[in-house]
Amino acid sequence: MVDIVTHPLAIDGKDPRNLRGDPIDPERYYTRDFMEKEWEHMWTKVWHIAGREKQLEEPGDYITHDFMHETVFIVKQKDGSLKGFYNVCSHRAQRLVWGLEGSQEEFACPYHGWKFDLEGKLVYVEDPDDYPDGDPCGKVNLIEVRVDTWGSLIWYTMDEEAPSLRDYLHPIPELYKNHMFERTVRARWVRVELDCNWKFWCDNFNESYHTRTAHQQVPPIIDQDHFTSRYEMYPMGHNRIIQMGRPSLRDRLPEGAEQPFDDMLRTWDIDPDSYPDFETKVMQGWLDLKEAKKTKWKEKGYLHYENLNDEELTESPFQFVFPNIAFGPSADGFGLFRWEPHRDDPEKCYFDYWTMTYPVEGQESYTHRTSEDPLETKEAEFELRDYDGGRGVQDLKGEVVYQDWGLMPGQKDGWRSRGYQEPVLAKQESRVRRFHEVLNDYINGNPPGRD
Ligand code: FES
Ligand SMILES: [Fe+2]
């Protein structure tokens, strides 16, 4: 039997009685007014991902993150700690650092030559004796943002009053404590500019109701049926679904078609033809797969399996982190998605797509179970793409998100139509409304986790 322990804070995410039932007014998807409220009350209050810890190894290594009206940079200090600053010169507001990442001993402003050290202290100015109150060096500092790390990621918040990162994410660090995220390699690092409000992704990633229609390649690998999945909502606004890592019994591939689940069984030395029928192969094969992974991980070089439990070895969790991050930490690797609003157009957003893999002895590439193309298990270079009606991402056609990207233009127009007023949600879409209710709490000045 599979031993499942649900976290005590989990709220049943399939029961709409756990929601207030706030309306979801379509204007929030296209008006500047709502966009400005989001900036004021939400984006400036939450924790953001700045990048990965691996990007900052030596003192002076830095990464930048531009987000709507702000830009920040995070710098590795001489004592190994991290500090984050608004990316703006204290003299007259010139931007200090360009580019995604780099390494510098100090940060010199390109306008009048002021220089700041790694701790953000002003250490050099031109004509120091020309200042009426004396040389400003040692008196002026860059303004800091709060920085912390979790999951091998670097996070920051612009809000001095925000809960700590641990409290903000709670209980996500507990839920995934058995995974060795620090060992992951980012084998894909793509950012796509898209023509749609950023909340398309919050809605889309908070339900799997659309997968039977939009991602028909998935049910033969991951059982996305609502009656076999677990739905969880957490007090800080993070939601997740856990789907079984076996084929759906209702969306079957035709007799004789190639079964991707068979390959998964064979990888672990299980003969798919040893089962008398499809149902037995799915249900018993799934248990056999867990057992094989538990006993053979070491000899097969899957060293990151060491602490994983029965559920984590085969199932497919998909975690939404309020408000704009999602990842699906299965045993073998996962996509990490982040989507961010455009700075002044509510009907545009940016979508970051990272594929995270674990090195496995004797294997140089990784293929996620829902995609076709293998990726080399090595750190990828950054790529910026323009969606361009789908033309800019043709090479990603085999990916699940490619199918989601294709839905956005129709959704964007639909939200503006006089023919649409309110969603009609199935129970399995409860997390969609939950997202909007937490967003409303922020907009109304009452975000979770604060007194
Ligand atoms: S704005 Fe930076 S030195 Fe003047
Ligand atoms: Fe999707």
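Phe382 counts as partly exposed because its relative accessibility is 31%; this class lies between buried, under 20% relative accessible area, and exposed, over 50%, with a 1.4 Å probe and protein chains only. Phe382 sits in the loop between β20 (375–376) and β21 (383–386), strands being DSSP runs of E of at least two residues and helices runs of H or I of at least four. With Leu100 and Leu384, Phe382 makes a nonpolar surface patch of about 250 Å²; such patches join nonpolar side chains (Val, Leu, Ile, Met, Phe, Trp, Tyr) within 5 Å, from residues with over 30% relative accessible area and no salt bridge.

The model is predicted: local features need pLDDT of at least 70 and side-chain atom pairs pLDDT 80 or more, whereas totals for chains, interfaces and linings use all residues. Residues are numbered from 1 along each chain as its sequence is written, and side-chain values use heavy atoms, without hydrogens and water.

A pocket is an open set of points on a 1 Å grid where a 1.4 Å probe fits, with protein on both sides within 12 Å along at least five of seven lines; lining residues have an atom within 4 Å of a point.

| Largest | about 890 Å³ | α6, four residues |

Closest to the centre of the largest pocket, among its 40 lining residues, are Met264, Thr267, Thr367, His368 and Arg369. In the second largest pocket, lined by 32 residues, His65, Asp66, Phe67, Arg191 and Glu340 lie nearest the centre.

Terms used:
Chains are lettered from A and ligands numbered from 1 in the order in which they are written. Patches are made of residues with over 30% relative accessible area and no salt bridge: like charges are joined within 9 Å, nonpolar side chains (Val, Leu, Ile, Met, Phe, Trp, Tyr) within 5 Å. Accessible areas come from the Shrake-Rupley method with a 1.4 Å probe; for residues, only the protein chains shown count as cover. A salt bridge is a side-chain nitrogen of Lys or Arg within 4 Å of a carboxyl oxygen of Asp or Glu. Grid points are joined across faces, edges and corners, and a volume is the space filled by probe spheres set on the points.
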